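This briefing concerns the pockets of the structure shown below, taking their linings, the elements that contribute to them and their volumes in turn.

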Amino acid sequence: MSREPGMISAGYAGPGESDEPSEGLRGGRLGSGLASAAFPSRLAVWWTILRISIEERLVYRGDFALGTLMRFLPIVTQIFLWGAVFSAIGAASGATQVAGYSYRDFIAYYLLTMLGRAFSSMPGLASGIARSIRDGTVKKYLIQPIDMLGFLLLYRVAHKLVYYLVAAAPFALVFYLCRGFFPGWPDAATLSAFAASLAMAFLLGFFLEATLGMIGFWFLEVSSLLFVYMLFSYFFSGHMFPIDMLPGVLGRVVQVLPLQYLAYFPSAVFLGKITGPALAWGLATQLAWVVVFMVASRAAFHFGVRRYSGFGG
């Protein structure tokens with residue numbers, strides 16, 4: 001089939017996100033660097049992308065800091081909410097625990113899920129990818145030798161680094177004020193497992209949402225699908241309540257899904273709910289899910305660009 005003027009037939013590796021990267025990051029000089037076969041040159045380019053992305057995130061640092069601080073307000077409501085729940089349960093039956101969790105356990109768990117979601121949440125990533133496919137801006141990445149997923153990953157790393165820089169002090173203050181809800185610091189091995197689970201939660205969240213965004217190559221509108229995913233993720237990742245509270249078949253099904261590794265699993269590791277062989281198996285399974293979605297996102301992009309065509313400048 002002949003190619004019309006202005007037509008781009010996708011066939012090159014080549015992100016989109018709610019916070020779109022600036023045009024400067026998409027320049028040809030970076031593309032030339034990524035095309036280089038020399039690994040040191042690639043590292044230099046990746047560092048340049050990361051550095052510029054961090055600088056871009058810091059342009060509106062006041063607004064970014066205010067938005068970050070506002071995310072801590074739900075902590076207050078959760079403390080009062082679960083306090084009222086346990087008071088009602090205690091008054092009705094005299095019980096002090098629900099599914100093995102005391103009031104203090106619930107507050108500690110909720111604080112830890114906030115920390116876990118700070119790593120695994122990728123706001124706007126899937127919708128941004130789908131939007132760039134729909135409006136044609138994805139072709140900027142198709143005509144330049146820039147790896148789309150690698151670029152997006154670096155951009156998200158920059159976003160998270162700035163977020164952690166801004167949120168470090170509020171997180172430290174909140175955890176200090178709420179230290180009475182925690183049983184104490186876990187041992188070094190548990191802390192190492194907790195750190196590993198957070199790092200893999202970040203990668204899993206990124207590649208899972210990137211895979212969902214790639215569905216935009218096959219469907220014009222995916223916002224409804226993404227809404228359903230966010231709804232399921234909120235409940236079944238353990239962000240709202242510990243998923244081991246779910247009974248019977250539903251509980252077993254939910255614990256097979258990868259969503260639990262976004263929030264529940266890191267929190268349960270820190271609290272000592274998962275130990276020994278179960279902990280080793282959980283970390284291995286989490287790593288396996290990271291690999292699965294890493295491959296799935298690559299495959300979706302590979303087959304998606306083969307059916308993509310863009311027209312115009």
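In this predicted model, the largest pocket has a lining of 25 residues, and those lying nearest its centre are Arg71, Arg117, Ala118, Ser121 and His239. Two or more lining residues come from each of helix H4 (74–93), helix H5 (103–120), helix H6 (125–135), helix H8 (148–177), helix H9 (188–213) and helix H10 (223–236). The second largest pocket is lined by 17 residues.

**Largest pocket**

- The space in the largest pocket comes to about 570 Å³.
- Among the contributing elements, H10 gives the most to the lining of the largest pocket, supplying five residues.
- By residue class, the lining of the largest pocket is made up of 13 nonpolar, eight polar and four charged residues.

**Second largest pocket**

- For the second largest pocket, the volume is about 400 Å³.
- Nearest the centre of the second largest pocket lie Phe175, Tyr176, Phe182, Trp185 and Phe270, which belong to its lining.
- At least two residues of the lining of the second largest pocket are supplied by each of H5, H8 and H9, and H8 gives the most, with seven residues.
- The lining of the second largest pocket divides into 15 nonpolar residues, one polar residue and one charged residue.

Note on methods
Residues numbered from 1 in each chain as written. Predicted model: local features only at pLDDT ≥ 70, side-chain atom pairs only at ≥ 80, totals over all residues. Heavy atoms only, no water. 1 Å grid on protein atoms, 1.4 Å probe; cavity = no way out; pocket = protein on both sides within 12 Å on 5 of 7 lines; lining within 4 Å. Points joined across faces, edges and corners; volume = space filled by probe spheres on them. Helix = DSSP H or I, 4+ residues; strand = E, 2+ residues; numbered from the N terminus. Nonpolar A, V, L, I, M, F, W, Y, C, P; charged D, E, K, R; others polar.
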